[in-house]
Amino acid sequence: MQPTLSKTPFRVAVLSAVTAAGLLFAATSAMAQAAPAQSAPKTDAPKAEVPGPGAELKAPVIAVIDVQKIMQESNASKGITKSFESLRDSYQKEISALEDKLRKNEDELRKQQTVLSPEALATKRRDFEKQVADVQKTVQNRKRALETSLNEAMAVVHKTMVEVVADISRERGANLVLARQQFVLVDTQLDVTDAVMERVNKKLPQVALNVPKQ
């Protein structure tokens, strides 16, 4: 009995992989920018000595920073996001072209199933399965490379922000830096976000998104 090319899930699998990759790219972008906002950056401010019994505690000098704003709106972060979206779109076009080719190959193979010998049909089917696997591997490789590069670039922004916060804290004599997202109301005199943003933009105007060649 001659084997037939059934309604294989290959095309659905490829489409699902491409769609998932696009969603994951977008999610990764959002997470990379927003994740540092969960806590205030740690500074390298000098540690206060532990007071002995009966000693007077040093009054806290507080500074507040909107970490999420810095990570999303600094010039370097905007540049990273723009590069990320451009590469993501390029990758998605590449994957879409590969998927179109798979679709055509599948249709052609379906037309040939009545005229090919069982051996020839089995060989072509194995070739087609390998093509599908290669496309899915390409999707994962592209996603992983872009994901890693995005995280590395955003880490540079975060590191620079922490360094700037440490400098401003020392200048203001602040011994406690808190994240703006933890509070409903904050006295503007305590908020150093604008000062940090200005210095981060000056110190780190841009960061390259270095994606390894595939």
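How far apart do the end C-alpha atoms of residues 81-115 lie, and how much of the span is helix and how much strand?

Author: The end C-alpha atoms of residues 81-115 lie 52 Å apart, and the span is 91% helix and 0% strand. Helices (H or I, at least four residues) and strands (E, at least two) are DSSP runs, numbered from the N terminus. The model is predicted: local features need pLDDT of at least 70 and side-chain atom pairs count only at pLDDT 80 or more, whereas totals for chains, interfaces and linings use all residues. Residues are numbered from 1 along each chain as its sequence is written, and side-chain values use heavy atoms, without hydrogens or water.

In an unreviewed UniProt entry, residues 81-115 carry the annotation "coiled-coil region"; such annotations may be inferred rather than shown by experiment. The protein as a whole has five helices and two strands, in the order α-β-α-α-α-β-α from the N terminus.

Helix 3 covers residues 75-112. S74, in the loop between helix 2 (67-73) and helix 3, is buried because its relative accessibility is 0% (buried means under 20% relative accessible area, exposed over 50% and partly exposed in between, with a 1.4 Å probe and protein chains only). The C-alpha atoms of S74 and R199 are 9.9 Å apart, although 125 residues separate the two in sequence.

Three residues, about one turn of the helix, separate D100 and R103. D100 is partly exposed, at 35% relative accessible area, and R103 counts as partly exposed at 26%.

The second largest pocket is lined by N105, E108, L109, Q112, K124, D127, F128 and Q131. Helix 3 and helix 4 (118-172) each supply at least two residues of this lining. On a 1 Å grid over the protein atoms alone, a pocket is an open set of points with protein on both sides within 12 Å along at least five of seven lines, and lining residues have an atom within 4 Å of a point. The volume of the second largest pocket is about 150 Å³, a volume being the space filled by probe spheres set on the points.

Methods. On a 1 Å grid over the protein atoms alone, a cavity is a set of points where a 1.4 Å probe fits but cannot get out, and a pocket is an open set with protein on both sides within 12 Å along at least five of seven lines; lining residues have an atom within 4 Å of a point.
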